[in-house]
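Dear colleague,

Please find the structure below, together with its sequence.

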Amino acid sequence: MTDFTADDHRHMAQALRLAERGAWTTRPNPMVGCVLVADGAVVGEGFHVQKRGPHAEVVALQAAGARARGATAYVTLEPCAHTGSTGPCADALINAGVSRVVAAMRDPFPQVDGAGFDRLRAAGIVVDSGLMETQARTLNRGFLSRVERRRPWLRVKLACSLDGRTAMANGDSKWISGDASRRDVMRWRARAGALLTGSGTVLADDPQLTVRLDTDAPFAVPLRVVLDAGLATIARGNVRDGAAPTLYVHAHDTKVPHGFDAPRVSVPRDAAGQLDLYVVLAALADGGINEVQVEAGATLSGAFLRAGLVDELLLYVAPVLLGERGRPLFDGLGIDAMAQRLHLQTVDVRQTGHDLRLLMRPEAAA
């Protein structure tokens, strides 16, 4: 096992910070950062900005120029060894004459998966891997979920009162959370490959499901996904506007109305007669979706949680009380005894305006 130095950790931490700058733009590719160091000084750095654009290693090498010869390259993911929309990064590092590559982790993508390391070592370059791997995996949890589990990383976003209510009994929920929380949600939307809701939410609220940021920073527009087994919502306007692409997911046995030409995919029903959520997520993964943000009511949110498909819960808790007749966070969990309770790991807690934002993961996902 490699004994990494304090300088190794420092430079890899910078590479991870650089990689995260691509959170809104790189998908479906992973976020990758690279730092080139020669004689103790940083001579080049870069990150992968967008699909079909230069990879992080190439950006850093261009910045370093001739100073890259003999340098150490710190990269957050194994350099690629195949030709896709760009050439192999392993070859670029070899041709530049770097002497050592320190990678946070191996790339499980089938066309890489160790081949990049092998090519570097065959060229006489020292390769050390595993530095800050946990942080690197957390950063690219969506990409890794799609490649390793064949389903996107699934985050459920909810806002509730202190007594755990998401709306009044009549469905009124505007607004439980404050302006700062709603602005924060937009930033989480910007990093998602898809924003998913159910037919009940579309019929009740007619949401836009778009990213509306208070910044000019670029972002890739997320796909809107509507789970609508019987295509009952196709006349609703906001999710059909031109602000973002929309995909309808319906049941195999649903008759598609004549003239309905929106993008759609059909999936089987599960034993309870509902859309098979496992197949839904597999279809989205096949479409290159790394992260899904669910913004739906208690029924669909509860169905994902009950199925063990929730990886992350993004919860905004407002300092208000809605009372016992308010609607709950989740329906259908079937918890009747304390021993059945679901355990969550708190990943992050911070204040957004007057609200409290909790990022939590079920223990199995954590």
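This is a predicted model: local features need pLDDT of at least 70, side-chain atom pairs count only at pLDDT 80 or more; totals for chains, interfaces and linings use all residues.

Residues are numbered from 1 along each chain as its sequence is written, and side-chain values use heavy atoms, with hydrogens and water left out.

A disulfide is taken to be a pair of cysteine sulfur atoms within 2.5 Å. By this rule the count is zero disulfides. For Cys-34, the nearest cysteine sulfur belongs to Cys-89 and is 8.6 Å away, and Cys-34 is in no disulfide. Cys-160 is likewise buried, its relative accessible area being 3%.

Helices (H or I, at least four residues) and strands (E, at least two) are DSSP runs numbered from the N terminus, and two strands pair if DSSP finds at least two bridges between them. Five strands make up an open sheet of mixed pairing, in the order 2-1-3-4-5. Strand 2 (41-47) and strand 5 (126-129) are at its edges; each has a single partner strand, so one side of each is left without a neighbour in the sheet. On average, neighbouring strands of this sheet are turned by 15° against each other, direction ignored. Angles here run from 0 to 180 degrees between N-to-C directions, and axes are lines fitted to C-alpha atoms, for helices over the stretch in contact.

Strand 1 (residues 33-38) pairs with strand 2 in the antiparallel sense over six bridges. Cys-34 has Gly-46 in strand 2 as its bridge partner. Helix 1 (residues 6-20) lies across strand 1, strand 2, strand 3 (72-75) and strand 4 (100-103), and runs at about 145° to strand 1; contact means heavy atoms within 4.5 Å. Helix 4 (residues 115-122) also packs on the sheet, where it touches strand 4 and strand 5, and its direction makes about 150° with that of strand 5.

**A helix pair**

Two packed helices are described by the angle between their axes and the distance between the axes. Helix 2 (residues 56-64) packs against helix 3 (residues 89-96) at an angle of about 20°, and their axes are 9 Å apart. Helix 2 is thus roughly parallel to helix 3; angles under 35 degrees count as roughly parallel, over 145 as roughly antiparallel, 65 to 115 as roughly perpendicular and the rest as oblique. The residues that meet are Glu-57, Val-58 and Leu-61 in helix 2 and Cys-89, Ala-92, Leu-93 and Ala-96 in helix 3.

Strand 6 pairs with strand 12 in the parallel sense over four bridges, with Arg-155 opposite Gln-293 in strand 12. Strand 6 also pairs in the parallel sense with strand 13, over six bridges, and Lys-157 stands opposite Leu-314 in strand 13.

Strand 15 pairs with strand 16 (residues 355-362) in the antiparallel sense over eight bridges.

Asn-140 lies in the loop between helix 5 (133-139) and helix 6 (141-149). With a relative accessible area of 6%, Asn-140 is buried. Not counting residues up to four places away in sequence, Asn-140 touches Pro-30 and Met-31.

Ala-136 lies in helix 5 and, at 2% relative accessibility, counts as buried. Ala-136 and Ala-15 are 121 residues apart in sequence and 9.8 Å apart in space, C-alpha to C-alpha.

Yours sincerely

Note on methods: Buried means under 20% relative accessible area, exposed over 50%, partly exposed in between (1.4 Å probe, protein chains only).
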